[in-house]
Amino acid sequence: MTGVPDPQPSGDELLKILGALGNPHRMRIIAALVGGGRNYVSRLARELGIGRPLLHMHLQRLEAAGLVTGELELSEGGKAMKYFEVTPFCYALTPETVAEAARTITEEARETVKETAR
């Protein structure tokens, strides 16, 4: 795992992080990766009892928020396998940090939120 990111993300980054964590499946994925370490999609799907396509969609959202990282590797049999692990993170969520982040929200992020709400 790499270093811990800035504990005071921009508004856009905070929206991605909170959006990614605002789903029970994604919270369970983080928990499984913390508890079991690095894992590949098929095994993780079996452990969590969810389908690979759904798991992959959730992993993409977590990866876009910078909460997990994925790496494609070849197995001994030549099969491509994507492994994921948690990226260390620690964010202080206080009224002050939210207010500071709110001041940096871009118009692009506002539009994304509007589209997601529809």
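Predicted model: local features only at pLDDT ≥ 70, side-chain atom pairs only at ≥ 80, totals over all residues.
Two strands count as paired if DSSP finds at least two bridges between them.

An open sheet is formed by 3 strands in the order S1-S3-S2, with antiparallel pairing. S1 and S2 are the edge strands; each has a single partner strand, so one side of each has no neighbour in the sheet. In general, the strands of a sheet pair through backbone hydrogen bonds, and the pairing is either parallel or antiparallel.

Strand S1 covers residues 39–40 and is joined to S3 by 2 bridges. Strand S2, residues 68–74, is joined to S3 by 7 bridges. S2 and S3 also make a hairpin, with 5 residues between them. In the turn of this hairpin, Gly78 has a positive phi of about 90°.

| Residue | Partner in S3 |
|---|---|
| Tyr40 | Tyr83 |
| Glu73 | Met81 |

**The core**

Which residues have the most contacts inside the largest nonpolar core? They are Ile29, Leu44 and Leu55, in a core of 19 residues. Two or more residues of this core come from each of these elements: helix H1 (11–21), helix H2 (24–36), helix H3 (41–48), helix H4 (52–64) and strand S3 (80–86). S3 therefore belongs to the hairpin with S2 and also gives residues to the core, where a core residue must be buried, meaning under 20% relative accessible area.

Leaving aside residues up to four places away in sequence, Leu55 touches Ile29, Val41, Leu44, Ala45, Leu48 and Ile50. In soluble globular proteins, nonpolar side chains tend to be buried together.

**Helix H5 and the surface**

Helix H5 spans residues 95–102 and contains Val98. Thr97 lies in helix H5 as well.

Not counting residues up to four places away in sequence, Thr97 touches Gln8 and Ala92. Val98, together with Leu18 and Leu93, makes a nonpolar surface patch of about 260 Å².

How values were computed. Residues numbered from 1 in each chain as written. Heavy atoms only, no water. Core = buried A, V, L, I, M, F, W, Y, C linked by side-chain atoms within 4.5 Å. Buried < 20%, exposed > 50% of the residue type's maximum accessible area, 1.4 Å probe, protein only. Helix = DSSP H or I, 4+ residues; strand = E, 2+ residues; numbered from the N terminus. Contact = heavy atoms within 4.5 Å. Patch = residues over 30% accessible without salt bridge, like charges linked within 9 Å, V, L, I, M, F, W, Y side chains within 5 Å. Areas by Shrake-Rupley, 256 points an atom, 1.4 Å probe, with all protein chains shown as cover. Salt bridge = Lys/Arg side-chain N within 4 Å of Asp/Glu carboxyl O.
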